[in-house]
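Thanks for asking me to look this one over.

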Amino acid sequence: MAAPAARADGSDAALAAALADVPDLGRLLEVDPYLKPYAPDFQRRYNRFSQTLDNIGKNEGGIDKFSRGYESFGVHRCADGGLYCKEWAPGAEGVFLTGDFNDWNPFSYPYKKLDYGKWDLYIPPKPNKSLLVPHGSKLKVVIRSKSGEILYRISPWAKYVVRESGNVNYDWIHWDPEQPYKFKHSRPKKPRSLRIYESHVGISSHEGKIASYKHFTCNVLPRIKGLGYNCIQMMAIMEHAYYASFGYQITSFFAASSRYGTPEELKELVDTAHSMGITVLLDVVHSHASKNSEDGLNMFDGTDSCYFHSGPRGTHDLWDSRLFIYSSWEVLRFLLSNIRWWLEEYGFDGFRFDGVTSMLYHHHGIGASFSGDYHEYFGLQVDEDALTYLMLANHLVHTLYPDSITIAEDVSGMPALCSPISQGGGGFDYRLAMAIPDKWIQLVKEFKDEDWNMGNIVYTLTNRRHLEKCIAYAESHDQALVGDKSLAFWLMDAEMYTNMSVLTPFTPVIDRGIQLHKMIRLITHALGGEGYLNFMGNEFGHPEWLDFPRKGNNESYHYARRQFHLTDDDLLRYKFLNNFDRDMNKLEERCGWLSAPQAFVSEKHEGNKVIAFERAALLFIFNFHPSKSYTNYRVGTTLPGKFKIVLDSDAAEYGGHQRLDHNTDFFSEPYEHNERPSSLLNMILGL
């Protein structure tokens, strides 16, 4: 990153004041002295976080109580069998509850107006003490707007919504089962090395339909465990009316998507994953919300504000969605309670926060190049209300469950986003290394592999902030979506339809594609970060792209599925990629390179197309040359003694050509090479 120009508020007095206010800011500035001119920015951010936390304590009894909004807001059964209802609708003239229970009379149960835009209602039980609103009842909140308009709304705190066949909008279903799911297994401990399987329940079957929580639990979790992943990131769980949005246009924030099954079945999925030692993260979307008003948050109280900024500031120009007003007290309650809800009610172990770049900046990243100059990350372009919310969310998550994990999807590279809050940082555990998949896609799209630049590959894989952990990945769901292709499809394209059978000879395209697919994933895994992510199916080179049913494809599910059965067919070559992915993860589990210090790269030879580096007492050697193998190749190392091959992409079980003898012992000698005190001479590097 570029060194910043000096500025007036970087004076010694300002620096001293910042160091006095932010407990561990000195540690951050010691790691990165170029941040010293921005010490007042970290001071202001930390003080805003501290002041908000203090205000929550004074006015709400602390963040623990404040983040339990779901215990009072919405609709709740009381101990006496009655019903307590509460909503925040500051722009409403009147609020009512209606539903099956009162034959949809819109005005028979009015809420009482409270202070600060809140409304509540108590409905006593029937004379026989039975429930007036039983489990499974349909409900609506009725809003009388200031203009006199009558609006039927779903509570923002609704726990279950469904769309019945033929209906355009979702219905709010009162979810209050007599026998809710009871968790049987404790949460797994925080993994030393994070190997994430990015998952979408709906596309997890090979059939052309929406798969279920039950299907995922019974059929996909065992595969994930067998592949050596210790974490799943669940996408599209928060309810979204438009399936093709991939879960990023949320309509009901507290409701688990009903298109896959019931809330209890999702709990069973999480519990079963925990029984396998698998950590479960939720893809949480607090960066924006769907514009839907009939079954979403938009216009809930009849105004364009309430949960969102009013006017143009409240709309994302590219996403056509609504933007939260993070400075609002009740919006903070809503979002922090939402975080806690998923942790407590469903047992999730943390979150991948979507759209963090959009949250961090008033420009939402639109048109921003983010060259790395530090001035881009400070000043008036930063939305410090949103940053304060993110700091509060991370504080809450890690206070409730210290082993929880939070990941930021931020393309900007904001410094200290993944540093502790005590240093003035954002408090995230990891950020996604989003430049890495872009680099691989650029290489396979625009360059012949003989023209790949080894130094540029290494730079992209190692260009990350010291002590701020990154999740590396060669491709995610973004690269698989329609309009793009997966790496496997870029490498092998149409030949995947005709030449993936082991009964046919290798073609040059399939042979090279399979070898590069394995090498790209291993070098990304070993060199690119402190965690690794794979999107479901990409581990075995899933053919084709991903496309959800929509008008543009005649509502087809053909591309909205994952064909796991391809890896089970011994006559197809997909099994080779699957086997390599499994053994790569198993080796990492044994050796722990993701939790080891960053690798030392001893070679990035442009002519030979060789990259060599050491990490976690392992020596990694990659030969990317399209036509040359090497014998008696010297490779530098700090490790003295005997070496053995522990993973070979050219092995037969991975679709390779078996050019290396795994019984061979390799010995280093005290011969300096490439800034390493020792080296091995008799290395044989296959294609």
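1. Before we start, contact here means heavy atoms within 4.5 Å. Please also keep in mind that this is a predicted model.

2. Let me begin with arginine 634, a residue of strand 25, which spans residues 630–637. Leaving aside residues up to four places away in sequence, arginine 634 touches Glu603, Glu669, Tyr671, His673, Ser679, Leu680 and Leu681. One of these partners is also held by a polar contact: the side chains of arginine 634 and glutamate 669 are joined at 3.2 Å. Another, serine 679, is 45 residues away along the chain, yet its C-alpha atom is separated from that of arginine 634 by 6.5 Å.

3. Is arginine 634 buried or exposed? Its relative accessibility is 17%, so arginine 634 counts as buried, the cut-off for that class being under 20%.

4. With a relative accessible area of 2%, histidine 477 is buried. Its side chain makes a polar contact with the side chain of tyrosine 248 at 3.5 Å, and also one with the side chain of aspartate 478 at 3.1 Å. Not counting residues up to four places away in sequence, the residues that histidine 477 touches are Glu198, Met235, Phe246, Tyr248, Arg352 and Phe535.

5. On the chain as a whole, I count along with you 17 helices and 28 strands. The C-alpha atoms fill a box of roughly 90 × 70 × 45 Å along the principal axes.

6. Of the 687 residues, 60% count as buried. Among contacts with a separation of 6 or more, 71% are between residues 24 or more positions apart.

7. How many cavities of 30 Å³ or more does a search of the whole structure find? The search finds six, and the largest cavity holds about 80 Å³ of space. Its lining is made up of Gly74, Val75, Ser155, Trp157, Ala158, Lys159, Trp172, Ile173, His174 and Trp175. Strand 1 (74–77) and strand 9 (171–173) are the elements that give two or more residues to this lining. By type, the lining residues of the largest cavity divide into six nonpolar, three polar and one charged.

8. Most residues other than glycine have a negative phi. Histidine 364 has a positive phi, near 60°, and is found in the loop between helix 8 (356–360) and helix 9 (384–400). Aspartate 493 also has a positive phi, near 50°. This aspartate 493 is found in the loop between helix 13 (487–492) and helix 14 (495–498).

Methods
Residues are numbered from 1 along each chain as its sequence is written. Side-chain values use heavy atoms; hydrogens and water are left out. On a 1 Å grid over the protein atoms alone, a cavity is a set of points where a 1.4 Å probe fits but cannot get out, and a pocket is an open set with protein on both sides within 12 Å along at least five of seven lines; lining residues have an atom within 4 Å of a point. Grid points are joined across faces, edges and corners, and a volume is the space filled by probe spheres set on the points. Helices (H or I, at least four residues) and strands (E, at least two) are DSSP runs, numbered from the N terminus. Ala, Val, Leu, Ile, Met, Phe, Trp, Tyr, Cys and Pro count as nonpolar, Asp, Glu, Lys and Arg as charged, and the others, Gly among them, as polar. Buried means under 20% relative accessible area, exposed over 50%, partly exposed in between (1.4 Å probe, protein chains only). A polar contact is a pair of N or O atoms within 3.5 Å; within protein, one must be able to donate a hydrogen and the other to accept it, and residues adjacent in sequence count only if both atoms are side-chain atoms.
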